[in-house]
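Work through the exercises below with the model open beside you. Try each task before you read its solution.

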Amino acid sequence: MPELPEVETIVRGLHTRVAGDAVESVWIGSRPQPLKSPAGVIARTLEGKQIVRVHRAGKHIVFDLEGATGASQPKKGGRGVRGQPRQAASLRQSAQWIVHLGMTGRLVVCDAALEIAKHTHLIAKLASGRELRFIDPRMFGKLSVHAGGFDPGGVEPLEVSEAQFIALFRGRKTPIKSALLNQKLLRGVGNIYADESLFRAGIRPRRRAAAITREQLGKLHRTVREVLREAIALGGSSISDYVDADGEEGFFQLQHRVYGREGEPCLVCRTAIRRIVLAGRSSHYCSKCQK
Ligand SMILES: [Zn+2]
């Protein structure tokens, strides 16, 4: 499952490839599972729009669209654009296309002649002659459109200040690991990076957030961002592998210090790494380095 650094890498690759291009037409498959906005609304919103920018919000991929012919504001009712103020019709209409890759979702930029892979749910024909395709065998991915200002909730971990970070976690009765995974607090920190950040901060995953000092939370604030930044820096070199036509994932992984290393010696003190299950997720830690 792609985590924040992988999504950031994908987003950078997509931005390089498709920003400035325009969507001419959209084909959407018959499977309803990936569609979080009605198919017709997605198609009308994308068609005729220019892709201005591709960026990340948590683990969501956001395409900022602008164009003259979009129909992201339905004439009647509020289909697909809940809670957004109705805009006056304007020549330059903006909208957003949101893609969440789920477990196995992939966005591929390819030549139109390339054979269409199994499990392709959406094809956007681009003005450049290429196609942007969404492929997802397990269909946990989600496609939706928004009028603009998409906000998945939570605070962006790479932008959160130390004071904000401490305020988010201080006083919470849940284990710190569960709090780190709570997307309503920080968005986009997944299981692997939560374990790695806690190891570097010297905090056990099961510790109650309320029992952690300000200083330790300050340290965790630094390690969360350090781990994510290192992973993004590594991912940057594999951009082309990811979005290439054959869609092979080629991420260089951050060398995990605890995640997935149950029973192996701690890289700092040689104590065997332990694995516990917390809220249904594996957590890995060193019982000597983490308190
Ligand atoms: Zn250790």
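The exercises go from the whole chain to single residues.

**Exercise 1. The chain as a whole**

Task: Find how many helices and strands the chain has, and what share of its residues counts as buried.

Solution: 
- Step 1. Keep in mind that this is a predicted model.
- Step 2. Count the elements. The chain has 7 helices and 10 strands.
- Step 3. Turn to burial. The chain has 291 residues, and 50% of them count as buried.
- Step 4. Look at contacts between residues at least 6 apart in sequence. Of these, 67% join residues at least 24 apart.

**Exercise 2. The zinc site**

Task: Work out which residues coordinate the zinc ion and name the geometry of its site.

Solution: 
- Step 1. List the donors. The SG atoms of C266, C269, C286 and C289 coordinate the zinc ion, at 2.2 to 2.4 Å.
- Step 2. Check the angles. Among the 4 donor atoms they run from 99 to 114°. Four donors count as tetrahedral if all angles lie between 85 and 135 degrees. The site is therefore tetrahedral.
- Step 3. Read the spacing along the sequence. The pattern of donor residues is C-x2-C-x16-C-x2-C.
- Step 4. Check their cover. Both C266 and C286 are buried.

**Exercise 3. Two residues with positive phi**

Task: R270 and A279 each have a positive phi without being glycine. Say where each one lies and whether it is buried or exposed.

Solution: 
- Step 1. Start with R270. Its phi is near 70°.
- Step 2. Judge its cover. Exposed means over 50% relative accessible area. R270 has 60% relative accessibility, so it counts as exposed.
- Step 3. Go on to A279. Its phi is about 50°, and A279 lies in the loop between strand 9 and strand 10.
- Step 4. Apply the cut-off again. A279 has a relative accessible area of 70%, so it is exposed.

**Exercise 4. Helix 1 and E8**

Task: Compare the span of helix 1 with the expected value. Then describe the surroundings of E8.

Solution: 
- Step 1. Take the span. Helix 1 (residues 4-18) has 15 residues and reaches 21 Å from its first C-alpha to its last. That is close to the 21 Å expected at 1.5 Å a residue.
- Step 2. Check its cover. Helix 1 is mostly covered, with 11 of its 15 residues buried. Among them are L4, E8 and V18.
- Step 3. Look just past the end.
- Step 4. Focus on E8, which lies in helix 1. Its relative accessibility is 14%, so E8 counts as buried.
- Step 5. List its partners. The side chain of E8 makes a polar contact with the side chain of R12 (2.9 Å). Not counting residues up to four places away in sequence, E8 touches R56 and I232.

**Exercise 5. A buried glutamate**

Task: Find what the side chain of E156 meets.

Solution: 
- Step 1. Locate E156. It is in the loop between strand 8 (142-146) and helix 3 (162-169).
- Step 2. Judge its cover. Its relative accessible area is 5%, so E156 is buried.
- Step 3. Find the polar partners. A polar atom of the E156 side chain lies 3.2 Å from the backbone nitrogen of G58. The side chain of E156 also makes a polar contact with the side chain of R187 (3.0 Å).
- Step 4. Widen the view. Leaving aside neighbours within four places in sequence, E156 is in contact with L4, R56, A57, G58 and R187.

Note on methods
Residues are numbered from 1 along each chain as its sequence is written. This is a predicted model: local features need pLDDT of at least 70, side-chain atom pairs count only at pLDDT 80 or more; totals for chains, interfaces and linings use all residues. Side-chain values use heavy atoms; hydrogens and water are left out. Donors are N, O and S atoms within 2.8 Å of the metal (3.2 Å for Na, K and Ca); water is not among the atoms, so sites may look incomplete. Four donors count as tetrahedral if all angles lie between 85 and 135 degrees; four count as square planar and six as octahedral if opposite donors are over 155 degrees apart and all others between 65 and 115; anything else is irregular. Buried means under 20% relative accessible area, exposed over 50%, partly exposed in between (1.4 Å probe, protein chains only). Helices (H or I, at least four residues) and strands (E, at least two) are DSSP runs, numbered from the N terminus. A polar contact is a pair of N or O atoms within 3.5 Å; within protein, one must be able to donate a hydrogen and the other to accept it, and residues adjacent in sequence count only if both atoms are side-chain atoms. Contact means heavy atoms within 4.5 Å. The expected span of a helix is 1.5 Å times one less than its number of residues.
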